[in-house]
Amino acid sequence: METTKDTYRGDFPFFTNNPDLVYLDSAATTQKPTQVLEATLTYNGAQHANIHRGAYELSIEATNKFDAVRSKVKAFIGASLEEEIIFTSGTTESINMIVSSYAGLHLEEGDEIVLSILEHHSNLVPWQQLAIARKLKLSYMYINDLGIIEPDEIEVKIHDGVKIVAITMMSNAIGVKTPIEAIIKRTHQVGGIVVVDGAQAVPHQAIDVVSMDMDFLVFSGHKMMASTGVGVLYGKKALLETMAPYRYGGDMIEYVEEQVTTFAKLPSRLEAGTPNIEGVISLGAAIDYINHIGMDTIHNHEMMLTQYALLKLSELDYVNIIGTTDIQFKGPVISFNIRDVHSHDTAFILDNAHIAIRSGHHCAQPLMHYMKVPSTARISFYIYNNTEDVDQLITHLKEVRRWLGYGS
Amino acid sequence: MDLSSVYTEIIMEHNQAKHNKHQLTATTHKERGHNPSCGDDITLALTVEDNIIIDAAYDGMGCAISQASTSMMIDLVKGKTVEEAREKVSTFIRLIKGEVNPDDALEALEDVVVLSNIKNMPARVKCAVLAWHTLDEALNNPSE
């Protein structure tokens, strides 16, 4: 087993600046390599100008740099057209745009939306609120004891007449993947469209929106080594063209008169105002960095760590892992609890040993309620983690029950 | 940080103690308190007669600090008047904010002052004060 080779950790100044820290919370946000940090520094320090406006050289260069990222994203997710890539502030905004400017426009009273119980609040609350406001039916696909959505559940819940299925590719809370191909296929059979939440999957596995036939795909930059405040809304052109403008303002117009306006074509029509230019540039640099390493290398490294951590955790009889431990159904995220110990205490005791993990409900309260687990401790990996991180975790996990007075 | 200043013996005893963790039948006041970000979720029930808290109990889930703080608070306010309980809530909040030192709070809060170390741990303040805010709310909102 490949163990402690730190081929890429040296690219991350964060770890030089925090030499004692074990960072196991990349599902919340990732650290950034020098290549990404330098890209934003160069833009801000030497090339900063607004885009799509000036006739001077700097502005044109900034525009070119910005537009080049659209092309990189297109290639990264296997889209066919650049105008199918809309820059947003992140997954949350991307979903809200689809909900209000697509679903809000096309759905009528009584229409049905299907989600899964695994959804993050950001792919649940917007749909729920639309359903309340517009008297839509909102249904959920549920999971088995391992956290997996079974084929029967897909067949039953995604029935004739379902208009939209909004589904994560991987649960942020328990790290279980959804059967995305089967869900997309079934939704298209019944004439619906699929909104795929790729926030947890796009940073960790190769995506091809065309071969997977995704209608919409959303994801965030900061979970794939880019800045916070930038993300992507991918949509098939025919669908994006039916969306109402989400925000009005500069850059999204064609002609503005005192009483009427005509709007720009895609993608500008859905990108009002000065965008997060440095964020988009950081996203481009992050994609370059991922491509430089290779998505397969990243995926294999993370899954090696996940398997290693699952093995080590399973040796502790007081650790209860939530969901399947079969890594063919998992991403690089493990959720667990220590017997008799609340996850907040676990995280606090680990923090004291400079180990950063997530605790709580992971913005997935309906899931936690369904699983009857009030909270969990969660670890997650990225390219910069190594087996020593896991070993440190295990060493200090062994102290948690003792601190809480349970002996071992 | 020294974890033993947080996970003290008395806090661990109260975390594991169940004597205050049960349903109350004849309740005059009931309030749910909840820290959405970390999942502490308690329901506090009181029976107040002639202005005296004659019984109190809680139910719910949470970290050791929130559970111990709730249990210790119930021990402290049982048998006290509503005004005395409110005064103790106020003293406890000031203790956790660092506005009153543990020695000066000892008479009002008794062994609850062991929680004063929490004031140096921003991540745990919410856990410690949850029950006390919930008690304050409960006293403001009788069930009848």
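Predicted model: local features only at pLDDT ≥ 70, side-chain atom pairs only at ≥ 80, totals over all residues.
User: Which secondary structure elements does chain A have, and how many?

Analyst: Chain A has 15 strands and 13 helices. Its radius of gyration is 22 Å, close to the 22 Å from the globule rule for 408 residues, so chain A is as compact as a globular protein of that length. The C-alpha trace spans about 75 × 55 × 35 Å along its principal axes.

User: What share of the contacts in chain A with a separation of 6 or more joins residues 24 or more positions apart?

Analyst: That share is 71%.

User: Where do the domains of chain A run?

Analyst: Domain 2 covers 36-291. Domain 1 comes in two segments, 9-29 and 294-403. The C-alpha centres of the two domains lie 28 Å apart.

User: How do I read the contact between them, and how many residues does each domain give?

Analyst: The size of an interface is often given as the accessible area lost when the parts come together. Here the reading is by residues: domain 1 of chain A gives 23 and domain 2 of chain A gives 27.

User: Which elements give two or more residues to the domain 1 side?

Analyst: They are α10 (295-314), β12 (333-338) and α12 (365-371) of chain A. The largest share, four residues, comes from α10(A).

Conventions:
Residues numbered from 1 in each chain as written. Chains lettered and ligands numbered in written order. Domains from an automatic or database assignment. Contact = placed C-beta atoms within 7 Å. Rg over C-alpha atoms; globule rule 2.2 N^0.38 Å.
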